[in-house]
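Here is a short briefing for a first look at this structure. Keep the sequence and the 3D view at hand while reading.

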Amino acid sequence: MSEDNDLKIRIGTVDDMDEIMDLAMMACDENGFLNPNPAKLAAEIWPALNQDHGLCAVIGPPDGMIQGVVLLRIGNMWYSDQVVVEVKAVFIHPEYRSAKGGRARQLCEYSKKVSDTLGVPLIIGVLSNNRTEGKVRMYERIFGKPAGAFFLHNAATGSFSRTEH
């Protein structure tokens with residue numbers, strides 16, 4: 001496993017698309033509550049990799065495998081013209097979650113830095129039935145007290161079965 005000083009956060013590029021899509025599908029398998037549509041995932045990720053209304057930051061050793069990713073999109077809330085940075089997903093490959101380095105924490109701190117640099121609010125949430133309490137505690141340490149909660153009816157995250165198209 002990588003030590004903390006071997007980790008680097010960088011802005012993802014279009015060359016990272018396949019690796020990021022693999023992580024996105026893993027994230028959907030673990031935390032999604034509806035069947036993922038790879039084309040819709042790509043439609044969010046590709047513009048971010050081109051820094052079009054967002055960005056994708058990745059973490060791992062320099063010139064090594066991407067071990068985690070955060071997808072940031074810049075847009076408006078449905079009720080306002082003001083701009084926000086929305087964290088669509090933070091996902092760390094399962095093999096690296098218990099490794100030294102705090103990859104998720106680093107990507108969250110990076111997201112805060114983007115928000116601070118742009119001078120716009122950041123919105124992030126936890127929508128998961130898997131290790132939820134730990135994720136919420138980490139987010140509270142980084143972002144402060146939550147401003148709400150998510151609820152699901154007739155669904156649980158990670159419970160769908162992906163079908164072949």
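The points below go through the sheet, then the helices.

This is a predicted model. Five strands form an open sheet in the order β1-β2-β3-β4-β5. Helix α2 lies across part of that sheet, and the buried residues of α4 pack against α1, β4 and α3.

**The sheet**

- The pairing in the sheet is mixed.
- Strands of a sheet pair through backbone hydrogen bonds, either parallel or antiparallel.
- β1 (8-11) and β5 (122-123) stand at the edges. Each has a single partner strand, so one side of each is left without a neighbour in the sheet.

**Strand by strand**

- β1 pairs with β2 (residues 54-60) in the antiparallel sense, over four bridges. Ile9 has Ile59 of β2 as its bridge partner.
- β3 and β4 also pair in the antiparallel sense, here over nine bridges. Leu72 stands opposite Val87 in β4.
- The two strands β3 and β4 form a hairpin, with six residues between them.
- β4 and β5 pair in the parallel sense, over two bridges. Glu86 has Ile123 of β5 as its bridge partner.

**Helix α2 on the sheet**

- Helix α2 covers residues 38-49. It lies across three strands: β2, β3 (68-76) and β4 (83-92).
- Helix α2 runs at about 90 degrees to β3.

**Helix α3 and Arg103**

- Arg103 belongs to helix α3, which covers residues 103-118.
- Is Arg103 buried or exposed? Its relative accessibility is 2%, so Arg103 counts as buried; the cut-off for buried is under 20%.
- The Arg103 side chain reaches the backbone oxygen of Lys100, at 2.9 Å.

**Helix α4**

- Helix α4 spans residues 132-143, which is 12 residues. At 1.5 Å a residue, α4 should span 16 Å. The end C-alpha atoms of α4 are 16 Å apart, which agrees.
- Which residues of α4 are buried? They are Lys135, Met138, Tyr139 and Ile142.
- Seen down the axis of α4, these buried residues fall within an arc of 100 degrees, so they line one face of the helix.
- The face turned away from the buried side of α4 carries the exposed residues Glu133 and Arg141.
- What do the buried residues of α4 pack against? Their partners are α1 (17-31), β4 and α3.
- Gly144 follows α4. The phi of Gly144 is positive, near 95 degrees.

Key
Residues numbered from 1 in each chain as written. Predicted model: local features only at pLDDT ≥ 70, side-chain atom pairs only at ≥ 80, totals over all residues. Heavy atoms only, no water. Buried < 20%, exposed > 50% of the residue type's maximum accessible area, 1.4 Å probe, protein only. Polar contact = N/O pair within 3.5 Å; in protein donor to acceptor, adjacent residues only side chain to side chain. Pairing = 2+ DSSP bridges. Contact = heavy atoms within 4.5 Å. Axes fitted to C-alpha atoms, helices over the stretch in contact; angles between N-to-C directions. Expected span 1.5 Å × (residues − 1). Arc of directions from axis to C-beta.
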